[in-house]
Amino acid sequence: MPERYYDPKKYGGFSGPPDMFAPAGRQPETGALRPETARLLSATTKPPPVMQAVSPRWLLKLLPWVPVEAGVYRVNRLSRAADDAEKPVLSDFRRHPGERIAGAYPEYDETPREYMLNVIQTILRLSTYVTDIFNAPFDQRDEQARLTIEAMQERQEWEIINDPGIGLINSVARGMRVRARKGSPSPDDMDELLAKVWKKPAFFLAHPRAIAALCRECTRRGVPPATVNLFGSPFLTWRGVPVIPCDKLLIDGRTETDAATGKTAILLLRTGEKEQGVIGLNQPGIPDECEVPSLSVRLAGIDDRGVASYILSLYFSVAVLSGDALGMLEDVEIGNYYDYK
């Protein structure tokens, strides 16, 4: 049998493959321009660059964002007693006619906590040759900036959850922690967490694998969670409270893991400044701000090789206004499965 190979001289220099279904040396002749050759003159349709690491970042969408001045937000609270309990405003409000009326005044904490904005910064470098010449159909600077900003916002959500200073995981008060009774997140555990954050709970926040583990426990008990539509997507709910997936919650202290088992946490938040809940902090209107509030894109200069440098800075923080606004179900096991018969 003759060998099948491609001879560019034989096919007029066309770089496309010959018809692999026809024997070598017997390519079909149609008497018309071949599709493979015509394709050289046709345009291609292409999407913008795809970034697999991008997530919906529901937490950033659901947090109410409060603008700050000069990068600082101070949380004024009532003063606390030695046992860390809030001092009562009214010590004695019972009286009989003719008795002296007891005095009262709310005493403020003399050392309130202040939140300074964190910053995520990076330098984006672009060759001016690339941005001048290879700039259609997509603007190279815009696409490079878009992908860099996506990565910065992914890191922003990670820090809001895990940062040692401001992260939600590390901001849960001792009395607002619940330990999973039997490892897997059970309906009883979720109810116990709701009993902690009972004042207008906004949403649960859980790793997708923790949500899957909760669904298995609910299926086992015959109580499948209801769903609700938010932002055009379906979400599970528990007792009417949405359960929001977020891959920034760690499993065994790691962001990404393929392990069959592991432990994570589920958060429950009350949100909003008026509700004395959890809020996001930023400072919109900063110099060179782009379409993302509190994020600046500033040209730092062009070097002698024609490479332009842009400094991207994203300023943000998160504050828990009242200790009872944030609860956590900890030691949640994600690896328990069942055989249903």
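This is a predicted model: local features need pLDDT of at least 70, side-chain atom pairs count only at pLDDT 80 or more; totals for chains, interfaces and linings use all residues.
Residues are numbered from 1 along each chain as its sequence is written, and side-chain values use heavy atoms, with hydrogens and water left out. Local features need pLDDT of at least 70 and side-chain atom pairs count only at pLDDT 80 or more, while totals for chains, interfaces and linings use all residues.

**Aromatic pairs**

A pair of aromatic rings is described by the distance of the centres and the angle of the planes. Rings of Phe, Tyr and Trp (its six-membered ring) pair if their centres lie within 6.5 Å; planes under 30 degrees apart are stacked, over 60 edge-to-face, and the rest tilted. The count comes to 3 aromatic pairs. Two of them share W58 and are tabulated here.

| Pair | Centre to centre | Angle between planes | Class |
|---|---|---|---|
| W58 and F231 | 5.6 Å | 20° | stacked |
| W58 and F235 | 5.0 Å | 80° | edge-to-face |

W58 lies in helix α2 (residues 58-62), and F231 in the loop between β7 (227-230) and β8 (233-238), so their pair ties together parts 173 residues apart in sequence. F235 is in strand β8, 177 residues from W58. Helices (H or I, at least four residues) and strands (E, at least two) are DSSP runs, numbered from the N terminus. Ring pairs link W58, F231 and F235 into a cluster.

Is W58 buried or exposed? W58 counts as buried because its relative accessibility is 13%. F235 is buried too, at 4%. Buried means under 20% relative accessible area, exposed over 50%, and partly exposed in between (1.4 Å probe, protein chains only).

**Charges over rings**

A charge sits over a ring if NZ of Lys or CZ of Arg is within 6 Å of the ring centre and within 35 degrees of the ring normal. The charged end of R155 sits over W158, 4.2 Å from the ring centre. R216 lies over the face of Y337, at 3.9 Å.

**Nonpolar core**

A nonpolar core is a set of buried Ala, Val, Leu, Ile, Met, Phe, Trp, Tyr and Cys residues joined through side-chain atoms within 4.5 Å. The largest has 71 residues; L168, F204 and L205 touch the most other members. Strand β13 (residues 307-320) gives this core its largest share, 8 residues. Beyond four places in sequence, L168 is in contact (heavy atoms within 4.5 Å) with residues including L59, L267, V318 and L326.

**E143**

E143 is in helix α4 (residues 140-162). E143 counts as buried, at 14% relative accessibility. Beyond four places in sequence, E143 contacts P48, P49 and F138.
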